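Subject: Handing over the structure

Hi,

Here is the structure I promised to pass on to you. Have a look at it first, and then read on for what turned up.

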Amino acid sequence: MKYPIDLHTHTIASGHAYTTLLENAKYASEIGLEVLGTTDHAPSMPGAPELWYFGNFKSLPRKIAGVTMLYGCESNIVDYEGDIDLPLEIQEKLDIMIASMHDPVMKPNKDPDINTRAYLNAMDNSNIQIIGHAGNPSFPIHEEALVKKAKEKNILIEINNSSFIRSRIGSEKTCIKLAKLCKENSVKIILNSDAHSCFHIGNFDAAIKVLKSIDMPEELIINTSKDKLFEFLNEKGKIIQDR
């Protein structure tokens, strides 16, 4: 199965990533990706760019090296009420927005009730299309509640390849449970690399193994098709021109 889309990638602007936007786009083109999402960390993350960075995407082209670019952000859930660290006027201008919980921004909490509440409240934000790496063991959750809310709000659950091989060690059990629940409840998912250098863009190998192990239906995986992705974004009120 081909996955021509990667919507969770970082550039040097995130502060702890190592390649530029142009390098990422060129690499994506070389490996045959059709759509690349650039989603640097929002300002609460140490080393992240200022708000102006996210407000100036209009200066960038829709296509670079033949790859359709989606300009977005990995926003931080900053409290247990589900607030995120971007003002509404910037959220509305982004092509895509991922919402995640990060240890440097939120003190890890082992209470799944509190962590789940944060996610569920964040998912009431209509500008969020993707919940990022919810398998993070620093923030245990009630997986079924998250999946049911994703279905209600038409939000994608991310299966984050980096969580299996480089980051957030211990995520595997929760990620597998989330994937199974998405299958059982017909909830759409997205495979993402969470690349912090161009060399990891489009690499979903570890995540693919998980999906194969549970026989995940192709129709639930949003990044198998460019048309499927843009239909989903249209449903979320995002009309991407010149794609």
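Let me start in the strands: I130 has L156 as its bridge partner in β7. Please keep in mind that this is a predicted model. The two strands involved, β6 (residues 130-131) and β7, run parallel and are paired over two bridges. To get from β6 to β7, the chain passes through helix α5 (residues 143-153), and this β-α-β crossover is right-handed.

On its other pairing, β7 joins β8, again in the parallel sense, over four bridges. There, E158 stands opposite I190 of β8.

How many of the five residues of β7 are buried? Five of the five, so this strand (residues 156-160) is largely enclosed by the rest of the structure. Both of its faces are covered, with L156, E158 and N160 buried on one side and I157 and I159 buried on the other.

Now to the aromatic rings. Searching the whole structure gives six aromatic pairs. One of them joins Y3 and F204: the ring centres are 6.1 Å apart and the planes stand at 80°, so this pair is edge-to-face. Y3 sits in the segment before β1 (5-6) and F204 in the loop between β8 (189-192) and α8 (205-213), so the pair ties together parts 201 residues apart in sequence. Both Y3 and F204 are buried.

Another edge-to-face pair is Y53 with F54, at 5.2 Å centre to centre and 85° between the planes. Y53 is partly exposed, with a relative accessible area of 27%, whereas F54 is buried at 2%. Ring pairs also link Y53 and F54 with F57 and Y71 in a cluster.

Enjoy exploring!

Best wishes

Notes: Residues are numbered from 1 along each chain as its sequence is written. This is a predicted model: local features need pLDDT of at least 70, side-chain atom pairs count only at pLDDT 80 or more; totals for chains, interfaces and linings use all residues. Side-chain values use heavy atoms; hydrogens and water are left out. Rings of Phe, Tyr and Trp (its six-membered ring) pair if their centres lie within 6.5 Å; planes under 30 degrees apart count as stacked, over 60 as edge-to-face and the rest as tilted. Buried means under 20% relative accessible area, exposed over 50%, partly exposed in between (1.4 Å probe, protein chains only). Two strands pair if DSSP finds at least two bridges between them. A crossover is right-handed if, with the strands pointing away from the viewer, the path from the first strand over the helix to the second runs clockwise.
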